[in-house]
Amino acid sequence: MPVDFHLSPEERAIRTAAAAFASGPLMQSKEAYMKLQHHHERFQATRPVYRAAVAAGLIKGQIPPHLGGTGGSLLEAAIMVEEMYAVEPSAALTIFGTGLGLTPMNLTGKPEHERYLAPFLSGEGEPLASLVFSEPGGVANWLEKGAPGLATTAELQGNRWVLNGDKIWATNCAGWDFQGADLQCVVCRSINPPSSPSEDPTASIMILLVTSADIQANDPDAFRVVRHISTAGHTSCSGPHVRYTNLSVPAENVLCPPGTGAAIVSASFDCSAVLVGAMSVGIMRAAFDAALAFAKGDNRRGAVDLLSRQAFADLLSGIKMQTEACRALTWKAANCLEKGPGDYDARRELALSAKIFCSDACTKVVMEAINAVGISAYDTDKPFASLLNTAMVLPIFDGGNVGIRRRHMQELMAKPTYDAWASTYGPTSSASS
């Protein structure tokens, strides 16, 4: 079995293009949006760089070829994410947030829904997509039997679904004008018929497609932003608290009928788990590069530069090793999720591992870089405070590590069919029998 970490020509080209876009348009967008005070204004200020991303094929590249896109492997996506997160995470997240918003469409691949993808395949404009899942009060236990479950509901009335409820933290969901994204994949609970506490909660979970045109066809209050959220990091992103009030959409807008939505939500976040690993590696890489540059250019009034000091070199070597380990795990998880070995549970476990391990390591690594640099890291002219503000969300978004991701690993390990090393060596005979 060959294990080869040489990038293919296609992977090298993706890395080169992503790095060029990051150091050019992405970095320039930060210089522009940082002049504004409020986060929602900063988000709107990134519209030009998002338009450039669309023109450069970065949105079409998140749709697979069988649906008309130019997307490649998950490993190629991870390479791109790392390059952009190492330079400017905030504007990058808006781009990748659309990718997450399109993931349920990619996974279902239904021909009757291809028209919803048209704006994202055109290479023009600034179309935004969003996977609208989280709710005020959290969703860690959304599928627990006997619990209330999702508060956002959909009711079939004639030939239309009527949506009610609040959502929060869904990147891009409100769109550029805060009147709704071009496409929202809204995860909700069908109340046709009302479910009982004894029923399997997954039986009522569905995904509705809500377009900006659908919103415009409703009353003005059918969709509204309740509150824009200011965050410590990713300060140009938009994931506001939004409310649906009797928002009506055609029956044909059902992406996943009741009973099929939960599996697609889970699979979507399995894919994004790998990419959070890549985000973490990008941040860790940036922290290492900044600390290394500081060590080579500063002596703290000593006779030699800081890199010649054992304490600094030890911290820096630890950062480097953790970054390399996280990248290797992320790349393995990306390759394995699509190609195996192992059954889906085994492959999924690696995706979860990449998200948990890398995001947890990222916050520690940035703090180690800060401790190495010392008080100078507290200067906002240095990148360390911004890196820490970005890193701190990685363990708690996209499914928090404690409340969701580790619980998923726990569920996998508790299964009678659990095969611990199948994602490396393939199924064992005892597990497969």
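Predicted model: local features only at pLDDT ≥ 70, side-chain atom pairs only at ≥ 80, totals over all residues.
Local features were considered at pLDDT of at least 70 and side-chain atom pairs only at pLDDT 80 or more, while totals for chains, interfaces and linings use all residues. Residues are numbered from 1 along each chain as its sequence is written, and side-chain values use heavy atoms, with hydrogens and water left out.

Strand E3 spans residues 160–167, strands being DSSP runs (E, at least two residues) and helices likewise (H or I, at least four), numbered from the N terminus. Six of the eight residues of E3 are buried, so the strand is largely enclosed by the rest of the structure; buried means under 20% relative accessible area with a 1.4 Å probe, protein chains only. Strands pair if DSSP finds at least two bridges between them. E3 runs antiparallel to E2 (residues 153–157), to which five bridges join it, and threonine 153 has asparagine 164 as its bridge partner in E3. Two residues lie between the strands of this hairpin, where glycine 158 takes a positive phi near 70 degrees. Seven bridges join E3 to E7 (residues 241–250), also in antiparallel fashion, with leucine 163 opposite leucine 247.

Helices H1 (residues 9–33) and H3 (residues 47–55) pack with their axes 8 Å apart, at an angle of about 155 degrees, the axes being lines fitted to C-alpha atoms over the stretch in contact and the angles running from 0 to 180 degrees between N-to-C directions. The two helices are therefore roughly antiparallel, a term for angles over 145 degrees. In their contact (heavy atoms within 4.5 Å), Phe21, Pro25, Leu26 and Ser29 of H1 meet Val49, Ala52 and Ala53 of H3.

Terms used. Buried < 20%, exposed > 50% of the residue type's maximum accessible area, 1.4 Å probe, protein only. Parallel < 35°, antiparallel > 145°, perpendicular 65-115°, else oblique.
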